[in-house]
Structures are given as structure tokens and as C-alpha cells.
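Student: I have the sequence and the coordinates open, and I would like to go through the local geometry and packing step by step. Could you take my questions in turn?

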Amino acid sequence: YPFNFVPLIVFFYLVAPALIALGRRFGWLLLGAIGAYQLFLLNLTYPGILGMRFPAELGALVPPVLGGTLATWGIYFPAGMIFYLNAARIAARLAPHRRWLALATVAVFALGFVPKFELARHLAAIPFLGLCVALTREAIPAARRLEAIGRGAYGVYLSNLSVVYASLLLIRALAPELIGWWTALLPILFALALLAPLALLNALGRSPARGAARYLFG
């Protein structure tokens with residue numbers, strides 16, 4: 001982490017031609033099959049998360065290298081592909097249900113913090129993605145600002161943990177009383193983990209090393 005997704009994305013790029021061919025004809029069946037396999041892997045990775053335990057022998061069906069990341073993210077690449085192939089139709093169907101998708105996103109995400117409902121953490125992204133599809137750009141407040149942040153999202157993802165660790169070391173040295181005071185510390189860490197990588201990306205983008213930024217931060 002945060003590079004554990006790389007083998008999975010390489011795998012999906014390799015099988016993308018087959019997924020596209022199947023997705024054109026059997027899109028929802030394909031998503032259903034991949035989603036069912038992801039739940040199967042999830043229950044093997046986190047035994048009992050579905051409320052039951054599979055026999056240990058079924059562990060032979062977990063692919064090497066990709067097992068953990070497929071269990072967490074297996075559905076999202078195919079889902080994005082299916083949406084791309086059917087964008088207008090899917091967006092039109094979801095648009096009338098924006099409010100319900102927003103409520104479902106909040107409810108399922110909150111449910112994930114309740115003991116014995118850990119599965120909800122893995123499902124919360126699904127209604128949220130449906131909500132993103134149903135929203136128009138004009139309906140999003142501060143869309144231009146969010147897009148500016150979004151362009152650096154991959155760089156933020158790759159570097160935010162380093163910023164958090166460095167910030168904690170600095171805070172421990174300069175203001176150790178903040179350690180353990182999470183109501184004050186978390187907003188500080190959130191702001192630093194977002195703003196510091198974006199500032200670095202912007203600085204690199206204007207420097208002679210801007211070509212290297214693509215390799216460092218995507």
C-alpha cells in the first residue's frame with residue numbers, strides 16, 4: 001500500500017478486450033458474476049463477513065497476488081467499463097433517483113461503523129458511484145474547484161501517507177500536547193494531507209522537473 005492496486009490494474013488492462021466483448025452483450029450478467037466472485041473472495045479474506053464461513057479448502061480458488069485487491073476493488077474497473085459502453089442510458093435511468101442514491105450512500109457508509117456490519121464499508125462506494133453518474137456538472141457546488149483538486153487526486157493518493165507521517169513527527173516535536181487530541185489533530189492532518197501534495201504538484205508542474213512529476217505522481 002498504496003501501490004498494491006498496480007497488479008490488479010495491469011491484469012484488467014490485459015483482459016480488457018475480452019471484458020469489452022462480453023460487456024457489450026452481457027453487461028449486467030458480467031457485473032453480477034464479478035460481484036458475486038468479489039463477495040466470495042471477501043468472505044475468504046475476512047472470514048465471516050457475510051455471516052458465514054467457507055471451508056478452508058475453497059482458499060484454493062483465491063488467485064495469487066490479486067486475491068486481496070480483487071476482494072476489495074474487483075467490481076470497479078468492469079463497472080466503469082459497462083458505464084462507458086452504456087453511459088447515456090444508465091445516466092438517464094439513475095437521474096430520477098439522485099436523492100435516494102445520496103441517502104443510501106450516507107446510510108450504508110454509516111452502517112459500516114456498526115459492529116457486525118463491516119461488509120457495508122465495502123458496499124458504500126456502489127450507491128455513491130451511482131450518485132456520481134446521476135449528477136450533472138451544473139448540480140455540483142464549486143465544480144471547477146473540485147475538478148482542479150481532482151486532477152491531482154492520484155498524486156494526493158500516492159503521497160498523503162508520507163505527508164501524514166511527516167506531519168505527525170513534526171507535531172510530536174513542536175506541539176506534543178496535540179497528540180491524542182483527535183478533534184484538533186484530525187482536521188490539521190486532513191488539510192495537510194490534501195494541500196501539501198497539491199502544492200508540491202503545482203510547484204513541480206511549473207518547474208523544469210515537470211516531466212518527472214508524471215512518473216512520481218501519475
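Tutor: Gladly, with the caution that this is a predicted model.

Student: Between which two helices is the place of Ser-207?

Tutor: Ser-207 is placed in a loop, with helix H10 covering 182-205 and helix H11 covering 210-217. The loop that holds Ser-207 is therefore the one between H10 and H11.

Student: Does Ser-207 count as buried or exposed, and which backbone oxygen does its side chain reach?

Tutor: The relative accessibility of Ser-207 is 18%, and because buried means under 20%, Ser-207 counts as buried.

Student: How far apart in space are Pro-208 and Leu-39?

Tutor: In sequence, Pro-208 and Leu-39 are separated by 169 residues. In space, taken from C-alpha to C-alpha, the separation of Pro-208 and Leu-39 is 47 Å.

Student: At what angle do H10 and H11 pack, and how do the residues of their contact divide?

Tutor: The axes of H10 and H11 are 8 Å apart, and the packing angle is about 145°. On the H10 side the contact is made by Leu-200, Leu-201, Leu-204 and Gly-205, and on the H11 side by Arg-210, Ala-213 and Phe-217. These residues of the contact of H10 with H11 divide into 5 nonpolar, 1 polar and 1 charged.

Student: How do the axes of H1 and H3 cross, and what is the handedness of the crossing?

Tutor: Two packed helices are described by the angle between their axes and by the distance between those axes. For helix H1, residues 6-45, and helix H3, residues 76-85, the axes come within 8 Å and cross at roughly 65°. The crossing of H1 and H3 is right-handed.

Student: Which residues make that contact, and how many of them are nonpolar?

Tutor: H1 contributes residues including Ile-9, Phe-12, Tyr-13, Gly-23, Arg-24 and Gly-27, while those from H3 include Phe-77, Pro-78, Met-81 and Leu-85. In the contact of H1 with H3, 2 residues are polar and 1 is charged, and the number of nonpolar residues is 14.

Student: Which residues form one aromatic cluster with Phe-77?

Tutor: The cluster has Phe-77 as one of its members.

Student: How many aromatic pairs does the structure hold, and why is the pair of Phe-5 and Tyr-154 edge-to-face?

Tutor: The structure holds 9 aromatic pairs. The rings of Phe-5 and Tyr-154 have centres 6.1 Å apart, and because their planes stand at 80°, where over 60 is needed, the pair is edge-to-face. Phe-5 lies in the segment before H1 and Tyr-154 in helix H9, residues 153-174, so this pair ties together parts whose separation in sequence is 149 residues.

Student: What is the geometry of the pair formed by Phe-5 and Tyr-157?

Tutor: Phe-5 in the segment before H1 and Tyr-157 in helix H9 are 152 residues apart, so this pair links distant parts of the chain. The rings lie 5.9 Å centre to centre with 65° between the planes, and the geometry is edge-to-face.

Definitions and conventions
Residues numbered from 1 in each chain as written. Predicted model: local features only at pLDDT ≥ 70, side-chain atom pairs only at ≥ 80, totals over all residues. Heavy atoms only, no water. Helix = DSSP H or I, 4+ residues; strand = E, 2+ residues; numbered from the N terminus. Buried < 20%, exposed > 50% of the residue type's maximum accessible area, 1.4 Å probe, protein only. Axes fitted to C-alpha atoms, helices over the stretch in contact; angles between N-to-C directions. Left-handed = near helix turned anticlockwise from the far one by under 90°. Contact = heavy atoms within 4.5 Å. Nonpolar A, V, L, I, M, F, W, Y, C, P; charged D, E, K, R; others polar. Phe/Tyr/Trp six-rings, centres within 6.5 Å; stacked < 30°, edge-to-face > 60°.
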